[in-house]
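This report covers aromatic rings and the charged groups placed over them. The sequence and structure come before the details.

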Amino acid sequence: MRHANNWALAALAALAALACAALTAGATAQTAACRQPVYLTFDTGHMGVAPGVAQVLQRQNVKVTFFAAQEKTQQGDGTLGQHWAPWWRDRAAEGHAFASHTWDHAYWRADIQGVDAQRFKIRPSSGAQAGQDLLWTAAQYCANLRQAAQRLQDITGQRPLPLFRAPGGKTSPALLRAARQCGYAHVAWADAGFLGDELPSDKFPNAQLLQKALTRIRPGDILMAHLGIWSRQDPWAPAVLEPLIEGLKAKGLCFATLREHPQYQDWIRQNPLELSGNPSSGQ
């Protein structure tokens, strides 16, 4: 009986090793096959289009990077509230990547050189101080970055990337230095990667935005869209998202998260975020 048990355990171990090798080989082959990647990213928004975006990404087997802030939503208690927590967990299970968009969707407005320290004029667009011009130290800005990252980790169980996107992409050299000193590298987008979903739809209809993107996007570009824009009457997503993905695939392009971006790979490896809790290995 002991020999039979030993044989069974050995067989199970061998099967597990084969399965692991197959998964690794499959992942390696998929990475090798993606020779002309683009990097699709989404910033949070009102979340009205989020379910449709998720369906398209699942259908197309496309992985993206989400930059999240705690913004007002059409339904629920904010983008990172309890209402949307299951949505984020599902995206983590699918293999998407996550990063901070500041907790209060806090826009940089100006550098203010104080007597004792550098400060930044900041205008949050969400939270208790939305719409107010505030003076933040570097430590306060970093705390706002960290709050969003911590919430993402708490919801998903996955450690976010040590990256961030400033709302509106608005930064200064001083702000970027401050963020890097507390562990966050900034991610902007390619000129062609501005997908236009925040533009007025009467002047920039979906068909025009799709054609422009398909014409201009090149391998290596970082693309940027949102999970819902309040001011756009004819939503960009998910209507444009699927034909855009299909069109780029037809041109020989493929999709990867910022985990695989050559500009950020070393930074991600060398600067894992130190947040509370025990995240799973999302990197």
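## Charges over rings

In this predicted model, the charged end of Arg180 is placed over the ring of Trp267, at 4.2 Å from the ring centre. Lys72 is positioned over the face of Trp230, and here the distance to the ring centre is 5.4 Å.

## Aromatic pairs

A pair of aromatic rings is described by how far apart the centres are and by the angle between the planes. The model has 9 aromatic pairs. One of them is formed by Phe66 and Phe98, which are stacked, with 6.1 Å centre to centre and 20° between the planes. This pair links distant parts of the chain: Phe66 belongs to strand β2 (residues 65–68) and Phe98 to strand β3 (residues 97–100), and the two are 32 residues apart. Phe66 and Phe98 are both buried.

Trp87 and Trp88 also form an aromatic pair, with 4.9 Å centre to centre and 90° between the planes. The arrangement is edge-to-face, because the angle between the planes is over 60 degrees.

## Burial of the tryptophan pair

Trp87 has a relative accessible area of 9%, and Trp88 has a relative accessibility of 0%. Buried means under 20% relative accessible area, so Trp87 counts as buried, and so does Trp88.

## The ring cluster

Which residues are linked into a cluster by ring pairs? The cluster consists of Phe42, Phe66, Trp84, Trp87, Trp88 and Phe98. The stacked pair of Phe66 and Phe98 and the edge-to-face pair of Trp87 and Trp88 thus have their residues in this cluster.

Technical notes. Residues numbered from 1 in each chain as written. Predicted model: local features only at pLDDT ≥ 70, side-chain atom pairs only at ≥ 80, totals over all residues. Heavy atoms only, no water. Phe/Tyr/Trp six-rings, centres within 6.5 Å; stacked < 30°, edge-to-face > 60°. Helix = DSSP H or I, 4+ residues; strand = E, 2+ residues; numbered from the N terminus. Buried < 20%, exposed > 50% of the residue type's maximum accessible area, 1.4 Å probe, protein only. Lys NZ or Arg CZ within 6 Å of the ring centre and 35° of its normal.
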